[in-house]
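Thanks, everyone, for making the time this morning.

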Amino acid sequence: MKEERKNGPAFHAGRRKRMLESMAEERLDVLVIGGGITGAGIALDAASRGMKAALVEMQDFAAGTSSRSTKLIHGGLRYLKQLEIGVVAEVGKERAIVYENGPHVTTPERMLLPLYEGGSFGKLTTSLALRFYDFLAGVKKDERRRMLSSTMTLQREPLLKRIGLKGGGLYVEYRTDDARLTIEVLKQAVAMGALAVNYAKAEELLRGENGKVAGALVRDSISGESYRIEADVVINATGPWVDEIRESDGSRQGKTLHLTKGVHLVFDGARFPLRQAVYFDTPDGRMVFAIPREGKTYLGTTDTDYAGDTANPAMTNEDRAYLLKAANSMFPTLRLTAGDVESSWAGLRPLVHQEGKSPSEISRRDEIFVSPSGLVSIAGGKLTGYRKMAEAVVDRAVQQVQAAGGEGFGPSRTRELPISGGDTGGSSGFEAYAAGKAAAGAALGLKPEAAVRLARRYGSNADAVWAMYPDAVQLREQHGLPVELGLQLLYGIREEMAAKPVDFFIRRTGLLYFQIGIVRQWRSALLHAMKAELGWSDYECDSYKRELDRALEAAIVPMPE
């Protein structure tokens with residue numbers, strides 16, 4: 001039989017089939033259902049211990065909560081206010097681990113907390129709280145909190161409301177690209193032996209002769225084929241869908257999920273010229289972030305109960321009005337309007353329900369549920385704590401494997417394990433490493449600023465991106481696609497399983513959120529390039545175009561209340 005051309009349409013069409021067939025060939029130690037950050041972390045932890053692990057995701061990787069957060073690796077100062085000391089201590093320490101293991105997707109961000117007369121934060125209590133925060137999180141000396149006078153606070157951010165300003169607190173959080181973090185973790189899991197497929201839905205849990213969960217019947221939603229995948233342990237890491245899987249297992253009882261929605265708005269930096277990331281409280285007691293990023297400013301988040309379409313939460317007029325009011329109250333000279341909103345996104349928080357508490361009061365602590373059938377479910381938690389959550393879940397899975405007579409596996413190895421792209425000499429070596437890779441990209445013919453952007457985005461995977469340069473030039477000649485965009489597209493398809501335009505524009509690049517004009521400008525050229533690379537039919541191409549058009553509309557047009 002003639003060998004398939006590497007990276008041709010036949011190769012891509014067969015790759016999903018080969019991976020799913022490999023999952024079905026022999027019994028796995030662990031099958032993870034859910035391809036968000038928690039599922040990816042579980043797959044990596046399991047694979048790094050030598051377990052036979054696989055992951056299936058019914059949408060694209062990170063398509064749920066893990067591409068719709070505030071995009072911060074943060075310790076959660078608000079949880080200190082709620083006296084959740086354990087949550088702050090654990091996730092605070094995890095910030096540094098996430099940063100060291102993936103400096104290409106995590107960046108220190110100094111956060112300003114302005115203090116006002118009559119506000120919920122007093123100067124003395126804030127100073128003590130931030131010092132305690134630094135202590136709990138083990139913050140490095142050069143990143144510890146500083147208290148500022150009102151004059152110094154306005155120097156850092158002149159847009160702030162001046163009336164009643166008493167000063168501010170300056171402390172460090174970490175900004176990330178949540179979807180890329182998820183994908184880099186998952187790529188590292190695959191590099192260590194795990195198998196992972198997106199658009200593969202677990203439609204039915206399989207049972208062994210003893211009635212225990214023993215795998216899942218999985219359907220590839222692109223090809224329509226189904227696969228019987230057996231595993232000693234099935235882990236339900238589906239975020240907002242956790243209770244649906246528990247329902248199918250007959251174990252949805254006791255504690256259940258409480259879904260809340262968070263919305264973010266994006267503005268052009270010229271219209272909202274924020275110099276400094278700001279974290280501020282609103283009259284109703286909620287907290288809002290305003291963060292500059294790549295020539296834009298984004299603002300969020302809301303925190304409201306949600307009972308709509310789990311797969312497609314979106315901004316409403318009420319959400320937009322609330323955030324605009326909050327922004328105009330804190331930055332009154334801007335006079336922002338709905339017409340200034342360039343893009344938006346909405347995500348769901350799968351919290352563990354606590355009776356009598358409002359959405360903002362519910363704990364973000366994670367919990368593990370093990371049903372009588374042996375199904376392991378993980379719910380709650382924060383993006384920052386994904387690695388620690390994964391460690392706890394895999395520890396539980398190892399116990400089940402051993403209890404059933406399986407082999408033993410060692411402890412977690414992920415604390416000091418760089419994720420894909422993170423082999424850059426740690427955070428201290430990242431700047432020099434990225435500069436060297438950017439120089440190599442510029443030497444190929446990339447514009448220097450493009451080479452810098454890509455080197456910083458892909459870290460130690462930059463050489464694999466540069467290797468696709470000739471093919472990206474060919475895409476430019478055939479479809480008019482800029483080389484920088486072509487490189488990201490080819491790498492996204494060939495190394496990150498991008499299957500649709502929305503995968504690329506939202507979760508591989510974030511362009512639909514932060515550079516929506518580029519999406520509009522190049523969507524036609526990109527569709528034709530993807531059609532050629534992936535071998536789509538005209539019908540498939542039209543279907544994916546409509547899906548992208550819907551995503552573009554949802555980013556700017558509020559959904560009905």
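Let me begin with helix 2 and helix 10, whose crossing is right-handed; please bear in mind throughout that this is a predicted model. The two helices, residues 37–48 and residues 386–403, pack with their axes 8 Å apart and at an angle of about 55°, which means that helix 2 is oblique to helix 10. On the helix 2 side the contact is made by I37, T38, G41, I42, D45 and A46, while helix 10 contributes Y386, M389, A390, E391, V393 and V394.

Now to the strand, which is strand 12, residues 277–281. Is this strand enclosed or open, and how many of its residues are buried? Five of the five are buried, so strand 12 is largely enclosed by the rest of the structure. In a regular strand the side chains alternate between the two faces of the sheet. Here both faces are covered, with A277, Y279 and D281 buried on one side and V278 and F280 buried on the other.

As for its partners, strand 12 runs parallel to strand 4, residues 106–116, and two bridges join them, with L112 standing opposite V278. With strand 13, residues 287–293, strand 12 runs antiparallel through four bridges, and there V278 stands opposite A290. Strands 12 and 13 form a hairpin with five residues between them, and in that turn G285 has a positive phi of about 95°.

Technical notes:
Residues numbered from 1 in each chain as written. Predicted model: local features only at pLDDT ≥ 70, side-chain atom pairs only at ≥ 80, totals over all residues. Heavy atoms only, no water. Axes fitted to C-alpha atoms, helices over the stretch in contact; angles between N-to-C directions. Parallel < 35°, antiparallel > 145°, perpendicular 65-115°, else oblique. Left-handed = near helix turned anticlockwise from the far one by under 90°. Contact = heavy atoms within 4.5 Å. Buried < 20%, exposed > 50% of the residue type's maximum accessible area, 1.4 Å probe, protein only. Pairing = 2+ DSSP bridges.
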